[in-house]
Amino acid sequence: MTAELIIETTRLRLTRLTIRDAGAVFAYRSLPEICRFQSFRPAAVADAAAFIAGTADRPDIPGTWFQLGIFLREGQVLIGDIGVHFLPRGEAELGYTVTPSFQKRGYAAEAATAVISWLFRSPNRSCISCTIDPDNAPSLRLAKRLGLKPAGKSVHQELIFKIERGEWSARGVPV
C-alpha cells in the first residue's frame, strides 16, 4: 500500500513521486547541468518511470530511497524532487534536485528544511546527511545554509555533510 505523505510549506507541496510524474522528472533530470552531479542520468521517459518505480512506496524502510516531488502549491507544477535514503541506526541521507528555471528562488532550501524537520519528528532519527560533488557549488552552499557541517568524504571523494538532531533543534526550526 502506498503511503500518502504530504508536506506543505508556504509555497510548496511535497508528495511522493508517481509514474505520472515521469515525463517531468525526465525533462529536468536529463539536463546536462543537472545530471552532471548525479548518478541517475535518464536517457528516456521510461528511465525516469523505472527510477520512480524503483523507489520505496512508503518512508522509513532501511536501505531504501523514498522520493518526494517538489510541487509549487499554486498550479501544482513539479519543479524538482528530494530523495530520502533511510539508513540504519536512525540516520537518513538527502538528495535534492530543482529544475534550473526554478533555482535561485529558495525552493530547495524551503523543501529541504521541511523534509529535515519532518525526518526529525521521528524520535529514532538521530542524524541527516548529504553527499555532494565537490564541484556542485549551489548544493554546497545549500548544505551550509541548512546548518549541515562537513563530515568527511565518501569513497568516491564526494563531500559528506551532516546535522544531528540537537543541532537542528538548536537552530530553532520547528519539527
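Which elements each supply at least two residues of the lining of the largest pocket? They are helix 2, strand 3, strand 5, helix 4, strand 6 and helix 5, where helices (H or I, at least four residues) and strands (E, at least two) are DSSP runs numbered from the N terminus. The model is predicted, so local features need pLDDT of at least 70 and side-chain atom pairs count only at pLDDT 80 or more, while totals for chains, interfaces and linings use all residues. Residues are numbered from 1 along each chain as its sequence is written, and side-chain values use heavy atoms, with hydrogens and water left out.

A pocket is defined on a 1 Å grid over the protein atoms alone, as an open set of points where a 1.4 Å probe fits, with protein on both sides within 12 Å along at least five of seven lines; its lining residues have an atom within 4 Å of a point. The largest pocket has a volume of about 1,200 Å³, this being the space filled by probe spheres set on grid points joined across faces, edges and corners. Its lining comprises 41 residues, of which Gln38, Tyr96, Thr97, Asn136 and Ser139 lie nearest the centre. Strand 5 gives the largest share of that lining, 6 residues.

Attention now turns to the interior. In soluble globular proteins, nonpolar side chains tend to be buried together. A nonpolar core is a set of buried Ala, Val, Leu, Ile, Met, Phe, Trp, Tyr and Cys residues joined through side-chain atoms within 4.5 Å; buried means under 20% relative accessible area, exposed over 50%, and partly exposed in between (1.4 Å probe, protein chains only). The largest such core has 38 residues, and Ile82, Leu94, Val115 and Leu119 touch the most other members. Helix 4 (107-120) is among the elements giving two or more residues to this core, and its share, 10 residues, is the largest. Beyond four places in sequence, Val115 touches Ile7, Leu14, Leu68, Ile82, Val84 and Leu94, a contact being heavy atoms within 4.5 Å. Another core, of 9 residues, lies apart and includes Val25, Tyr28, Ile52 and Leu78.

Phe40 is also buried, with a relative accessible area of 16%. Phe40 and Phe51 form a stacked aromatic pair, at 4.2 Å centre to centre and 15° between the planes (ring centres of Phe, Tyr or six-membered Trp rings within 6.5 Å; planes under 30 degrees apart are stacked, over 60 edge-to-face, the rest tilted). Because Phe40 lies in the loop between helix 2 (32-35) and helix 3 (45-53) and Phe51 in helix 3, the pair ties together parts 11 residues apart in sequence.
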